[in-house]
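Thanks for passing this one along. Here are my notes, as a few numbered points to read beside the model.

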Amino acid sequence: MNPTDDRASVDAEDAGSDGAVKDPLVDAVGGADVRPADARKRSAITGHDRHGQAVTDGGEAVSQFEQTAEFTMSKGERRRQWLEEKLLAPARIVWSDWRARTGLLVVSFYLLMGIVGPHVVAAPSPNQGRRLLGAFRSLEHPFGTTASGVDLLSQTVHATPAMLLMLASGAVFSVVLGTAIGTTSGYKGGRFDSIAMTINDMAMTIPGLPLTIVLASVLQIEGHPIVIGILITINAWAGLARAIRSQVLTLRESEYVEASRIMGISTPKIVLGDIVPNLMPYITMNFVQQARMVIFGSVGLYFLGVLPYTSTNWGVMMDAAVHRAGATSSLLAIHWLLVPMFTVIALAFGLTLLAQGADRIFNPRVRARHAETIEGEGEGGDGDPGDGTSTTDAMEKNAGGTTTGGI
Amino acid sequence: MNYVLKRLGQAVLTVLVVVSFSFALIRLLPGGPMDYLRAKIIEQGGSDLSQEAINMRIEAQTGITTDEPIYVQYVDYMTGLLQGDFGQSVWFGDPVAEIIGPAIPWTVFLTGTALFLGFLVGISLGAFMAYKEGSRFDVGATGVGLFLNSTPNYVVALLGLTFLGYQLELFPTGGRYASELTVGFNLPFLLSVLHHGALPILSMAIVAFGGWALNMRGNSIRILGEDFLRVARLRGLSTRRIAIRYVARNAILPMYTGLMIAIGTAFGGAIIIENIFAYPGVGFYMIQSINSRDYPLMMGAFILITVAMVIGITIADLTYGWIDPRARGGGSRESY
């Protein structure tokens with residue numbers, strides 16, 4: 001996306017140096033009345049073509065600096081355009097892709113479970129029901145009970161808020177740090193880059209989970225979910241920083257970044273305004289992937305009993321099922337093990353689907369197509385859900401854009 | 001050559017940093033391992049132990065002499081490690097090197113085989129999916145791949161242990177090999193090793209290959225649309241040559257970095273898998289040491305896992321420069 005797309009006048013000039021304004025968003029919102037009545041009277045639009053050569057289209061010679069926008073937008077129009085661009089088009093894209101839609105539904109369900117769930121479902125306590133009641137045997141305890149008669153459904157639901165908090169803190173920590181280091185290092189280059197990348201590569205070669213285990217054991221920290229989230233992703237930023245750096249290396253040579261540089265805009269502003277927006281799809285996808293890694297890692301380590309915790313969560317449930325009730329060696333307690341397992345897999349599946357769909361939201365081509373549809377009611381179904389061909393078409397686009405997806 | 005030296009230097013530096021880090025964790029943390037060990041020795045030996053005797057024991061266990069200045073302790077610790085002296089396990093009473101040393105090959109065997117299997121099956125499947133793009137097979141396999149990608153390997157391991165191990169009794173539920181066999185290069189022993197390793201390896205490989213397949217599929221499809229491929233066809237090159245030299249090679253290259261990260265994830269993940277199957281590898285001992293607060297054993301395991309991983313990643317990195325010459329340069333130029 002172009003960093004200046006909220007300034008419609010600049011945008012129009014940007015769309016093509018021949019003056020033919022073909023921005024779908026402008027079309028969509030303004031319609032025909034924003035066009036100048038007489039195209040010949042407009043000023044010369046000069047710019048640079050792909051090879052950096054100065055190009056002018058031979059209009060009347062008015063200096064670029066005196067030129068004013070050819071059309072204006074009222075505040076209402078701007079607001080509508082902003083809404084269209086930032087909210088409606090992405091929403092439509094998400095809804096048109098079955099994977100993004102499913103992912104969103106699953107994740108929303110978990111959010112709901114985390115926010116509303118604990119108020120609806122009774123808190124877990126011993127002897128809520130018969131001991132080791134199997135799943136789907138009674139309506140009162142749909143998921144069955146533990147060896148001490150705790151309802152598994154209420155245990156699962158009440159563990160959700162802490163788990164979500166942990167996912168969010170881990171993902172935010174690693175993505176923010178990874179993006180900051182990756183973009184700065186890739187953009188600055190030179191000595192800063194080589195020092196940052198040496199440290200980065202070292203962090204990358206230290207095994208993450210063992211490091212987490214050692215730190216949790218030696219530091220004797222308390223089991224607050226936010227702290228655990230950060231601890232799990234303690235060196236996950238390094239891989240992301242490397243990947244982002246290599247993308248920035250190609251971006252930093254592009255024309256609009258060069259333009260910003262010539263205009264004397266400061267480095268932090270260029271990185272935040274010109275570089276980061278271009279990487280948003282990649283960053284978002286990694287945010288979701290990191291959240292998935294946090295849930296995998298944390299549940300695994302809770303299962304091993306090496307992380308401190310303040311309240312029972314899905315990993316602790318699995319640990320109790322295996323080590324207290326012997327769920328692996330006898331089928332009597334298998335539901336105790338399967339319920340948290342399924343909870344983890346479903347959330348991870350939702351996150352994976354969402355990550356795949358995230359690419360589409362930020363893909364400018366897909367966005368433009370969806371923005372157009374409010375004007376002309378669509379030219380042929382771009383994303384009829386359930387339609388086999390469009391699904392694979394979407395997969396191709398997604399998969400093509402990502403090289404380090406999920407491992 | 002310069003690149004190789006730089007890369008090796010970095011590997012050594014990483015190990016140095018990790019070792020220093022572990023020294024700092026053990027030695028400098030107030031209320032940390034040192035105080036715990038001291039309290040434990042006093043508890044065991046009674047109050048009649050002299051200060052000197054306590055220090056002697058701590059030195060034997062951690063390789064750190066407590067009454068010397070910090071930098072002397074640091075140098076002693078480092079030289080000890082270089083000579084293979086990782087201290088003494090509090091729990092087992094044996095030198096750490098003797099406990100973990102024999103466990104390393106088994107961990108490397110598990111993770112290495114799992115990585116290799118997952119990668120190989122993944123890229124073959126991914127290439128085939130790209131070839132059959134849009135077919136029912138492709139859509140189905142993509143769904144399966146996405147699902148496997150969202151399943152943690154320990155879930156597969158637990159299910160495998162429950163159903164294939166305990167219920168159907170097809171696979172052993174623990175250990176590295178049947179205890180009655182003579183260790184050595186003989187067929188029953190090797191078969192037993194494979195039999196015991198099968199479930200741990202498969203549970204790691206199965207969830208990994210979904211991700212590789214999806215990656216490979218995407219990369220291959222993108223490359224299938226490239227101009228150089230059209231040129232290759234126009235030149236009349238054989239399909240086989242195009243598929244292997246042009247498509248496969250270019251599709252695998254971007255996944256090489258992912259492979260390096262996967263090495264790390266595999267070593268970390270092996271900790272959980274080894275504990276589920278009671279497989280005495282490095283990760284198994286590491287968790288044992290944590291449950292008994294056996295700090296020398298824990299740090300020894302951590303250092304050795306790191307060293308194994310650094311070696312793995314360095315090899316992968318060096319061969320990458322060799323496979324793809326473009327990677328040797330890089331954006332080292334100071335720009336803006």
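1. Let me start with the core. The largest nonpolar core has 169 residues, and those touching the most other members are A:I295, A:A321, A:L337, B:Y285, B:M286, B:M298 and B:A301. Such a core is a set of buried Ala, Val, Leu, Ile, Met, Phe, Trp, Tyr and Cys residues joined through C-beta atoms within 7 Å; buried means 20 or more other C-beta atoms within 10 Å of a residue's own, with C-beta atoms placed from the backbone. With 19 residues, helix α12 (residues 267–304) of chain A gives the most to this core. Domain 1 (2–82) and domain 2 (104–294) of chain B both contribute residues, so the core lies between them; the bounds come from an automatic or database domain assignment.

2. A word on how to read this: it is a predicted model, where local features need pLDDT of at least 70 and side-chain atom pairs count only at pLDDT 80 or more, while totals for chains, interfaces and linings use all residues. Residues are numbered from 1 along each chain as its sequence is written, with chains lettered from A and ligands numbered from 1 in the order in which they are written.

3. On to the interface: 56 residues of chain A are in contact with 64 residues of chain B (C-beta atoms, placed from the backbone, within 7 Å). On the chain B side, α12(B) supplies the largest share, 12 residues (helices are DSSP runs of H or I, at least four residues, numbered from the N terminus).

4. Finally, 45% of the 407 residues of chain A count as buried.

Conventions
Contact = placed C-beta atoms within 7 Å. Helix = DSSP H or I, 4+ residues; strand = E, 2+ residues; numbered from the N terminus. Buried ≥ 20, exposed ≤ 12 C-beta atoms within 10 Å, placed from the backbone.
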